[in-house]
Amino acid sequence: INILMKLGSVAVFSITNEDDEIERNSKRFPGLVLWSNHSVTNIPPQRSFWQKIKWWLQPRKHYLTDSPYRDFISQELDRVLAEFQPDMVVFEELRLYHYLPVVKGRGCRVVLDDHNIEAPLFLENEPSVAGLKSKVRLSILFQKIKSIERDFIRQVDQVWLCSDADASLVRKMYGQFPHIRVVPNSIDVAHYDCVRLSKCDPPSELQQVPLTLFFAAMFAYPPNQLAAQLLIEQILPRLQEIYPNCRLILAVKFPTPDMLEAARQSPQVIVTGLVDDIRPYMSISNVVIIPLLQGGGTRLKILEAFAAALPVVSTAKGAEGL
């Protein structure tokens, strides 16, 4: 957003399933012409038996793309497009696929900023299933998301991918599309200067200890849940055999019950909840740890650690694509 504002006027149309995020987002990013934020927390109407059958038979219907879609938001998007008249619209992620016809109907050039290649990631995040019915269900859902991803890529003017690895995966799965571009993920390095230069005030509720591990993530995402479980149950206990005062800070959005229980049982596991600024917690950390075994795209948390001059210990999957 900051880069695009150097090139011209920018508006943001965002969709969230958190009511409090609407108010929080409205206070951010000065300089935007418009920030139109909408909630999908209301429960969509129940489908009848025959509607469910029809849903399963439609190749481009998937809960990943259905869940953010509402007719009233589509109508509001069309109104905003008519008012703002953009030259280009950037779709952030595959989830917003069902809004593509509205944007194309306004004649805009369209970019898909594909943070992850969703079809293989869907299979990776699904637990192993047993039984013919479950396997058929999983296969159908996988084919649906492949069909959606292929069609989205085909319809847009450019696709932005964040690594050469993702670009190779897209070409392997969907073919040689000439409008694919690798645009690496990036951060504002200067934002982390205060940590790197030891000029960041630490969080008031925590004291400095000799060894602190730090992991920041959104824990509604299954790969991050698995990584936190690995940290709490295996990595931290083994480290504490060598360094008894070793501490783990989980700066988390949507902490799981297991994380909260671990924090209740041990003062050396700190679960912060959602914080507005992770830099104070980075300032009292010695190492950023990325124990990911699943996931796509590239990890911004590694770039943040490098900008803050913090060492990183990661799995190969965690550092994939960088």
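Author: Let's begin with accessibility: a residue is buried under 20% relative accessible area, exposed over 50%, and partly exposed in between (1.4 Å probe, protein chains only). Arginine 79, with a relative accessible area of 43%, is therefore partly exposed. One caveat before we go on: this is a predicted model, where local features need pLDDT of at least 70, side-chain atom pairs count only at pLDDT 80 or more, and totals for chains, interfaces and linings use all residues. Residues are numbered from 1 along each chain as its sequence is written, and side-chain values use heavy atoms, with hydrogens and water left out.

Reader: Which residue forms a salt bridge with arginine 79?

Author: The general idea is a distance test: a side-chain nitrogen of Lys or Arg within 4 Å of a carboxyl oxygen of Asp or Glu. Here the partner is glutamate 83, and the closest N and O atoms are 3.0 Å apart. Both residues sit in helix H5 (residues 71-84), 4 residues apart, which is about one turn of the helix. Helices here are DSSP runs of H or I with at least four residues, strands are runs of E with at least two, and both are numbered from the N terminus. Glutamate 83 has a relative accessible area of 52%, so it counts as exposed.

Reader: How many salt bridges does the structure hold?

Author: There are 10. One of them joins the side chains of arginine 60 and aspartate 151, at 3.6 Å from N to O. That pair ties together distant parts of the chain, 91 residues apart: arginine 60 is in the loop between helix H3 (49-57) and H4, while aspartate 151 is in helix H8 (residues 132-155). Arginine 60 has 37% relative accessibility, so it is partly exposed; aspartate 151 has 3%, so it is buried. Arg154 joins these two in a network of salt bridges. Another example is arginine 279 with aspartate 277, at 2.8 Å from N to O.

Reader: Which side chains does the side chain of aspartate 66 make a polar contact with?

Author: A polar contact is a pair of N or O atoms within 3.5 Å; within protein, one must be able to donate a hydrogen and the other to accept it, and residues adjacent in sequence count only if both atoms are side-chain atoms. Aspartate 66 has such a contact with the side chain of tryptophan 55 at 2.5 Å, and with that of histidine 98 at 2.9 Å. If you use plain contact instead (heavy atoms within 4.5 Å), and leave aside neighbours within four places in sequence, you find Trp55, Lys61 and His98 around aspartate 66.

Reader: Which strands pair with S5?

Author: Two strands pair if DSSP finds at least two bridges between them. Strand S4 (residues 109-113) pairs with S5 in the parallel sense over 3 bridges, with valine 111 opposite glutamine 158. S5 is also parallel to strand S6 (residues 180-182), again over 3 bridges, and leucine 161 has valine 182 as its bridge partner there. From S5 the chain crosses to S6 through helix H9 (residues 164-174), a right-handed β-α-β crossover. Right-handed means that, with the strands pointing away from the viewer, the path from the first strand over the helix to the second runs clockwise.

Reader: Why is S4 largely enclosed by the rest of the structure?

Author: Because 4 of its 5 residues are buried. S4 pairs in parallel with strand S3 (residues 88-92) over 5 bridges, and phenylalanine 91 has leucine 112 as its bridge partner in S4. The chain goes from S3 through helix H6 (residues 100-105) to S4, in a right-handed β-α-β crossover.
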